[in-house]
Amino acid sequence: LWVFPSSVPGAQKFALGFMLWAGLLGASLATRTRRHIILDPIKKKLDEATLKPFSLIGGVVTFCFCGTLSVLGWMQLHEQFTEWRGGDGVGVYDALPVPLWVGTLSIPVTFGVMALRFLAQGINDFKWGPPKGGADAHGVDLEALEKEQLPMSEAK
């Protein structure tokens, strides 16, 4: 408190830049394990024949959305990198000589990875069908688990 009475200059911006990395890497991992937000009420109402093309369309649309965000992130990254490369002490955090583009790099990288994962999952679901027990079951057959449960009268 005596050394930095008004906090470290630029520390909040620095911390937010690296919190962006943590959040987007978590979103990418959620995409990998299929723990992302899906249109579950709609998917539960579809039969097997309709569910496969619906999953493919959903994967392609989400691929396009994430791909667009990735392209926009690359454009922002290019601007920040060019600014940083062009001048001494330009385009860095106030507190440390870390370039701003290091934090921005998380946007195109993670959204690009998520785009490819959504496309791959859409193609996989179209070819072999979604995971057992519905799209949110992560490979667990929920219907089989319900059959194994004991009724409340037997559980006592």
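**A close look at helix α1**

Mentor: The buried residues of α1 pack against α4 (101-104) and α5 (106-128), where contact means heavy atoms within 4.5 Å, and helices are DSSP runs of H or I with at least four residues, numbered from the N terminus. Before we go on, please keep in mind that this is a predicted model, in which local features need pLDDT of at least 70 and side-chain atom pairs count only at pLDDT 80 or more, while totals for chains, interfaces and linings use all residues. Residues are numbered from 1 along each chain as its sequence is written, and side-chain values use heavy atoms, with hydrogens and water left out.

Helix α1 covers residues 11-32, which makes 22 residues, and from its first C-alpha to its last it reaches 32 Å, close to the 32 Å expected at 1.5 Å a residue; the expected span is 1.5 Å times one less than the number of residues. The residues of α1 that are buried are Gly17, Trp21, Leu24, Ser28 and Thr31. Here buried means under 20% relative accessible area, exposed means over 50%, and partly exposed lies in between, with a 1.4 Å probe and protein chains only. Seen down the axis of α1, these buried residues fall within an arc of 100 degrees, so they line one face of the helix; the arc is that of the directions from the helix axis to the C-beta atoms. An α-helix has 3.6 residues a turn, so residues three or four places apart point the same way. On the face of α1 turned away from its buried side we find the exposed residues Gln12, Met19, Ala22 and Leu29.

Now follow the chain past the end of the helix, where threonine 33 sits in the loop between α1 and α2 (40-45). With a relative accessibility of 40%, threonine 33 counts as partly exposed. Threonine 33 is 84 residues from arginine 117 in sequence, yet their C-alpha atoms are 9.9 Å apart in space.

The protein chain has seven helices and zero strands, and buried residues make up 25% of its 156 residues. Among the contacts in the protein chain with a separation of 6 or more, 74% join residues 24 or more positions apart.

Conventions
Helix = DSSP H or I, 4+ residues; strand = E, 2+ residues; numbered from the N terminus.
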